[in-house]
Amino acid sequence: MSRRTLSFVCQNCGAASPRWQGKCEACGEWNTLSEEGAERAAGPRKPGKGRLFALEALAGDTQDAPRLASGIGELDRVTGGGFVRGSVLLLGGDPGIGKSTLLIQTTAALARAGHRVVYISGEEAVAQVRLRAERLGLRDAPVELASQTSVEDIIATISEGKLPKLVIIDSIQTMWTDTVESAPGTVTQVRGSAQTLIRFAKKSGACVILVGHVTKDGQIAGPRVVEHMVDAVLSFEAEGSHQFRVLRSAKNRFGPTDEIGVFEMTGDGLREVTNPSELFLSERDLGSPGTAVFAGLEGTRPLLVEIQALVAPSSLGTPRRSVVGWDSSRLSMVLAVLEAHCGVRLGGHDVYLNVAGGFRIQEPAADLAVAAALVSSLCNAPLPADGVYFGEVSLSGAVRPVAQGAARLKEAAKLGFARAVVPEATRAEANGAIQVSDVGSLTSLVADIAANGRPPARAKSGGEDG
Ligand SMILES: Nc1ncnc2c1ncn2[C@@H]1O[C@H](COP(=O)(O)OP(=O)(O)O)[C@@H](O)[C@H]1O
Ligand SMILES: [Mg+2]
């Protein structure tokens, strides 16, 4: 009897099921199960004694992970100072975002520095890669190039002669390996190919970069297990206007995960943007009242978004409250606190709140930024253009600390902001890169903002048109 069995594998999450079903029980997606051959079993191992190996002590001689710096500053910052020998990176991103461009520029820089680097494209013909290199002015770089998809052939070829320092596999979805019987592109193949390449990297000491496609909901296509198998997961995303690209790391065994690298896509390839504040600030209405920048978190990653508020006298009996991108009951709470504890009367005003860029904010940490934007609009007092806000407001009007204060401050400093208004407890997390002023209560924030504008609304009586 053959030990090989067929199973049905979900193409979304990689869960296996013994029979076909319309819906994957693991991830709940419909019509994602497809029939795949199971990975070839290694054959029953004879029971016997295992090989003995030496156990080591924690103390002992170790060198710091040897790194291969690419010389591209924004990339080296994200990897933690360069590629680590024997490590495997997964680079994800939408089609056309510039993954191949970034990697051909990286390989060219390393090849020019005298390292052996190999670029394997499974998607494009050699001529196409050459055309791109020519457009980027990298044709003279001694990069070794091939258009191949068989993992075994690739490993046999690059193991000849001097071992390469860096191997690019563009992309992992196009690769196939003999060890697995499924069709290329299936979850089992992607996983099998990744496993074989990871084994090669660990054995040879070469750094391998796998390019991965991203599905429409932003996840790296194929099994999430590939993300668990590799040492680092980087993602390349478009930010703001079309030409800017941000490189982030979602996981990194050898470096930080809170660094970002910013690039600009030009006709000559990707250009490093060392001062990204220009790109972020360029699209804002500077100096107009009612906007505040919130240093938020999206999952575990910091994200700066602009909060816009418009507070205008209402002609309606029941003033309008309109929110896009935030929780409307949370807005009612902030308005009630402003009214009850800070003397800000909004009963006769319409309030519109919008989170710019179509973002949806979930966290209560936005309370302080929302309050700042509301008061700024009401008092006609523009907030400082280089300031960010975050903090949770309690019903008593106190400003409470929020998670990951240091990461938010770091992202704000990286994006060129010079000051932050934060809860008192967050001051301890500041690292000097950004000027931090703390507020203990909403009352002091309101007083600070109102001091810069026209007399605050509390001087007027609610509902009266000015
Ligand atoms: N002839 C060209 N002139 C300028 N930019 C180009 C040209 N061809 C491609 N690009 C840019 O390169 C991008 C494609 O980059 P690429 O590295 O192939 O993306 P990916 O590998 O992520 O799919 C395009 O979106 C475009 O911005
Ligand atoms: Mg590509």
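1. The largest nonpolar core in this predicted model holds 61 residues, and those with the most contacts inside it are I169, V208 and L210. A nonpolar core here is a set of buried Ala, Val, Leu, Ile, Met, Phe, Trp, Tyr and Cys residues joined through C-beta atoms within 7 Å; a residue is buried if 20 or more other C-beta atoms lie within 10 Å of its own, exposed if 12 or fewer, and partly exposed in between, with C-beta atoms placed from the backbone. At least three residues of this core come from each of domain 1 (6-37) and domain 2 (67-274), the bounds being those of an automatic or database domain assignment. A second, separate core has 54 residues, including V293, A369, C379 and L442.

2. On conventions, residues are numbered from 1 along each chain as its sequence is written, while chains are lettered from A and ligands numbered from 1 in the order in which they are written. Local features need pLDDT of at least 70 and side-chain atom pairs count only at pLDDT 80 or more, whereas totals for chains, interfaces and linings use all residues.

3. Leaving aside neighbours within four places in sequence, L210 is in contact (C-beta atoms, placed from the backbone, within 7 Å) with V88, L89, L90, I169, I172, A194, L197 and V230.

4. Helix α5 (residues 187-204) has 18 residues and spans 26 Å from its first C-alpha to its last, close to the 26 Å expected at 1.5 Å a residue, where the expectation is 1.5 Å times one less than the number of residues. Helices (H or I, at least four residues) and strands (E, at least two) are DSSP runs, numbered from the N terminus.

5. F83 belongs to strand β5 (residues 83-84) and counts as buried because 29 other C-beta atoms lie within 10 Å. Not counting residues up to four places away in sequence, F83 touches R67, L68, L166 and C207; its C-alpha atom is separated by 9.4 Å from that of I209, although the two residues are 126 apart along the chain.

6. Several backbone geometries deserve a check by eye. The peptide bond joining D170 and S171 is cis, with omega about 5°, and S171 lies in the loop between β9 (166-170) and α5. N31, in the loop between β2 (16-17) and β3 (33-37), has a positive phi near 55° without being a glycine, and N31 is exposed, with 11 C-beta neighbours inside 10 Å. N380, likewise not a glycine, has a positive phi of about 55°; N380 sits in the loop between α9 (367-379) and β19 (387-389) and is partly exposed, with 17 other C-beta atoms within 10 Å.

7. The residues around ligand 1, taken as those whose C-beta atom, placed from the backbone, lies within 6 Å of it, are G93, P95, G96, I97, G98, K99, S100, T101, R135, M265 and G267. Helix α2 (residues 99-112) gives the most to this shell, with three residues. The shell divides into three nonpolar, six polar and two charged residues, with Ala, Val, Leu, Ile, Met, Phe, Trp, Tyr, Cys and Pro counted as nonpolar, Asp, Glu, Lys and Arg as charged, and the others, Gly among them, as polar.

8. For the chain as a whole, there are 11 helices and 23 strands, and buried residues make up 39% of the 466 residues. Among contacts between residues at least 6 apart in sequence, 67% join residues at least 24 apart.
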